[in-house]
Amino acid sequence: NLLRECRFVLRGTKDLATQLSKISLNPRRKAYLVSADIVAYYPNVPMLPAKVIILEAVRHKLYGGDAMHPEYKLFVLCYSLANRDLICKFENEYYLQLRGLAMGVACSPDIANLYGAHFEEMAFDNDTVLKANVPFYGRFIDDVLGVVYAASSAEALQIMQRVVYAGVELTWSVSEWNTPFLDMLVFITPSTKQLGWKPYRKARNHLERIPWDSHHPLDVKRGTFIGEMSRLATLCSALDLYEEAIQDLCTLYVSRGYPSVLVRKWAKNHFSTRWAQRLEEKVASTADVFVLKTRFNPVWGSFNVHDLGRTIIDEWKKHLRDMKFFNPDEANLGETSTSVERLVFSGGSKRLRFAQSTLELHRVLDVGSIGFFDRTWLVSRRRNTNLGDLANVWKKALLDNAEIAEDSDTLNVDDLWN
């Protein structure tokens with residue numbers, strides 16, 4: 001993965017916390033926190049230079065510089081198709097994007113990250129001033145954070161501005177105490193002159209949570225609370241900061257109607273575990289899954305999806321055991337008294353199955369050879385439709401048919417549902 005090899009590209013808050021935890025500042029030198037925002041990054045990325053930079057990186061790092069490699073040629077084609085003739089609709093008008101990356105295109109974040117990484121790598125590899133005075137530099141899409149050794153804030157800004165991204169403009173901010181970055185407030189502790197961090201909440205955050213009187217199952221509410229505990233643990237650099245954050249979290253949930261005793265119990269049971277695992281890297285499972293889609297209903301609490309999966313797989317295996325497969329490339333096809341030939345596709349190879357009937361040729365999927373037996377079975381639940389959902393559908397119907405209402409003196413509301 002090219003992005004994982006980029007030294008200065010942050011994958012999220014947890015990645016930032018992990019990197020900051022490994023930094024020990026020199027207490028004899030004055031350190032400043034410098035942050036920047038790339039102004040309108042996506043539409044200002046120059047497409048032709050970005051394409052040249054990314055294709056060069058892909059060709060050399062993934063295909064050994066072979067421009068004729070079939071997969072590389074396919075990548076070039078896909079890159080061109082994904083970023084050409086991009087059309088969006090705004091207020092019933094259609095627009096063609098003429099410059100920059102398009103929001104909503106799946107590859108845009110990766111292109112923006114790789115484009116920026118090119119200039120970061122080049123700057124830090126060739127500039128001795130950056131190497132000597134910037135113990136940390138990281139960027140998440142269009143947000144930049146750096147820790148700089150300098151005699152003054154003006155000097156710190158000058159050092160950071162040595163990193164230049166061609167074609168885009170940055171707005172800078174310098175502080176000797178703290179700066180918000182993503183959902184974290186990064187600060188320098190005056191007593192130790194070391195980095196610290198804690199959760200950051202914007203002034204207009206509405207603190208909305210699932211209310212206790214909602215019809216979400218209890219395990220969903222508990223899982224949401226515990227998930228927030230994990231997030232807060234990552235956002236805290238010290239145990240006392242984590243304790244303070246959990247106290248605030250408990251107060252927030254109690255204010256949303258949750259029983260105080262229950263909330264405190266959840267916090268107590270998971271406090272130590274979440275703190276101990278806050279920076280652990282979890283290995284993402286690459287196994288395929290079968291998902292049983294359901295809605296919130298108490299009946300699913302007594303349902304075991306794994307039992308269902310074993311029952312289905314055992315039935316598949318039973319039918320496969322009853323079938324007699326013959327590989328025509330390796331063995332005799334058997335007695336000719338049987339009259340049916342069924343072609344079975346197994347792992348891409350052709351197999352013949354004989355049975356009694358009229359001579360026929362069928363395509364049959366051999367589930368035993370394509371990984372179906374090894375898949376995990378999961379239950380996916382979603383909330384039920386409520387009155388608010390119906391009201392939103394009704395309002396959308398009114399807005400979509402506003403022109404009809406303007407052109408008619410009388411309008412039957414029932415018509416809007418058709």
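The model is predicted, so local features need pLDDT of at least 70 and side-chain atom pairs count only at pLDDT 80 or more, while totals for chains, interfaces and linings use all residues. Residues are numbered from 1 along each chain as its sequence is written, and side-chain values use heavy atoms, with hydrogens and water left out.

**Helix pair**

- Helix α3 (residues 47–63) packs against helix α5 (residues 108–126) at an angle of about 80°, their axes lying 9 Å apart; axes are lines fitted to C-alpha atoms over the stretch in contact, and angles run from 0 to 180 degrees between N-to-C directions.
- That angle makes α3 roughly perpendicular to α5, a term that covers 65 to 115 degrees.
- In this packing, Ala50, Ile53 and Ile54 of α3 meet Ile111, Leu114, Tyr115, His118 and Phe119 of α5, where contact means heavy atoms within 4.5 Å.

**Sheet**

- An open sheet of 4 strands runs in the order β4-β5-β1-β6 with antiparallel pairing; strands are DSSP runs of E with at least two residues, and helices are runs of H or I with at least four, numbered from the N terminus.
- The edge strands, β4 (136–140) and β6 (170–175), each pair on one side only, and two strands pair if DSSP finds at least two bridges between them.
- The twist averages 15° from one strand to the next.
- Strand β5 (residues 143–149) pairs with β4 in the antiparallel sense over 5 bridges, and tyrosine 137 stands opposite glycine 146 in β5.

Methods. Angles under 35 degrees count as roughly parallel, over 145 as roughly antiparallel, 65 to 115 as roughly perpendicular and the rest as oblique.
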